[in-house]
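The points are grouped by topic.

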Amino acid sequence: MNSLITIWAKARGNLVALVLWGLAAALILYSYVTGGYFIAVLHFAFIYTVLVTGLNIFMGFTGQVSFGHNAFAAIGGYTSAVLTATYGWEPLSAGLVGLAGALICALVIGYPVLRLRGHYLAMATLAIGLIVYEVAVQWDSVTKGYMGIAGIPPLGIGAYTVTSDRGILVFLLIVAALALLSAAGIRRSRLGRAFVAAAGSEDAARALGIDVARYKLIAFMISAAYAAIAGSLFVHAVGFVSPEVFGLPMVVLSFTMLYVGGIGTIAGPALGAIIISALPESFRTFKDYQDLAYGAALIAILIYAPRGLASLPELWARWRGRKA
């Protein structure tokens, strides 16, 4: 609740923040009322909001680098898909098993890997993602390889299932909002302040008595949990999973969403996920030049808002300060 009040307090005093939140609300309302293809785009955006929020905790708050969070999304997604489609488990219990599996893997992998820094850490995490992808391809008896797993049941508990597009939209919106609010709560807590201290200077943080290695591992595990939840949501929302879902395009897309939205901010993951998901649809009228227009728009955003779209209210406040 305090996180929600803080976000609202920051937004209401800034016209640009109000415009951004208003546009997001209008887009969601329009999609809910009209339905159609765009509602599927928002499903995708809200699932990525959860994934990118977790990545933001590890990269934005703690100042680390990871190219391997698609691995934890794959663990959560495949565990949920296999247990529900093959063994008839409930989606919730299967998702919890996937979440536990991702946390255990993050603990086992993170303990040695997080001793690395910078490019070496980036390469090690990239290798984790590639290994899990290859396991998903080769473990044909469980994952069905490139054929994928179909017939995954929809989200729900017991006899109650969410099957309509609008119902899934509302459910995913609630989960994405909870992900953002929990990240805001983490950022405001003692844990979040330790993350930020480690991101500023690990040596200075150690001098203040912060166990940097332990807090980096905690951040890694928390972000892995978000990724596992996103992976589980994806398979149940789509009803199908194959290795390509969790391949390198997921890594590129999540990084683009994080930086375009605003790394280290609370609202950035949501803004980035919605904008990056909606932009290709907005440029369909350009036909053959769609990719060109999409790339130009991304470059323009990064040039004029290098700290992401979430920094626009701050830029607006500075501009008004200079004009006054």
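In this predicted model, ring pairs join F58, F72 and F220 into a cluster.

- The rings of F72 and F220 form an edge-to-face pair, with 5.5 Å from centre to centre and 85° between the planes.
- F72 counts as buried, because its relative accessibility is 1% and the cut-off for buried is under 20% relative accessible area.
- F220 is likewise buried, with a relative accessible area of 1%.

**The pair F195 and Y215**

- The ring centres of F195 and Y215 lie 6.4 Å apart and their planes stand at 80°, so this pair is edge-to-face, given that angles over 60 degrees are classed in this way.
- F195 is part of helix α9 (residues 190-200) whereas Y215 is part of helix α11, so the pair ties together parts of the chain that are 20 residues apart in sequence.
- Both residues of this pair, F195 and Y215, are buried.

**Charges over rings**

- R115 lies over the face of Y111, at a distance of 5.1 Å from the ring centre.
- In a second case, the charged end of R166 sits over the ring of Y32, 5.9 Å from the centre of that ring.

**Helix α14**

- Helix α14 (residues 290-304) comprises 15 residues and reaches 21 Å from its first C-alpha to its last, which is close to the 21 Å expected at 1.5 Å a residue.
- The buried residues in α14 are Q290, A293, Y294, A297, L298 and I301.
- When α14 is viewed down its axis, these buried residues fall within an arc of 135°, so they line one face of the helix.
- An α-helix has 3.6 residues a turn, so residues three or four places apart point the same way.
- On the face of α14 turned away from the buried side are the exposed residues D291, L292, I299 and I303.
- The partners against which the buried residues of α14 pack are α12 (248-261) and α13 (268-282).

Definitions and conventions:
Residues are numbered from 1 along each chain as its sequence is written. This is a predicted model: local features need pLDDT of at least 70, side-chain atom pairs count only at pLDDT 80 or more; totals for chains, interfaces and linings use all residues. Side-chain values use heavy atoms; hydrogens and water are left out. Helices (H or I, at least four residues) and strands (E, at least two) are DSSP runs, numbered from the N terminus. The expected span of a helix is 1.5 Å times one less than its number of residues. Buried means under 20% relative accessible area, exposed over 50%, partly exposed in between (1.4 Å probe, protein chains only). The arc is that of the directions from the helix axis to the C-beta atoms. Contact means heavy atoms within 4.5 Å. Rings of Phe, Tyr and Trp (its six-membered ring) pair if their centres lie within 6.5 Å; planes under 30 degrees apart count as stacked, over 60 as edge-to-face and the rest as tilted. A charge sits over a ring if NZ of Lys or CZ of Arg is within 6 Å of the ring centre and within 35 degrees of the ring normal.
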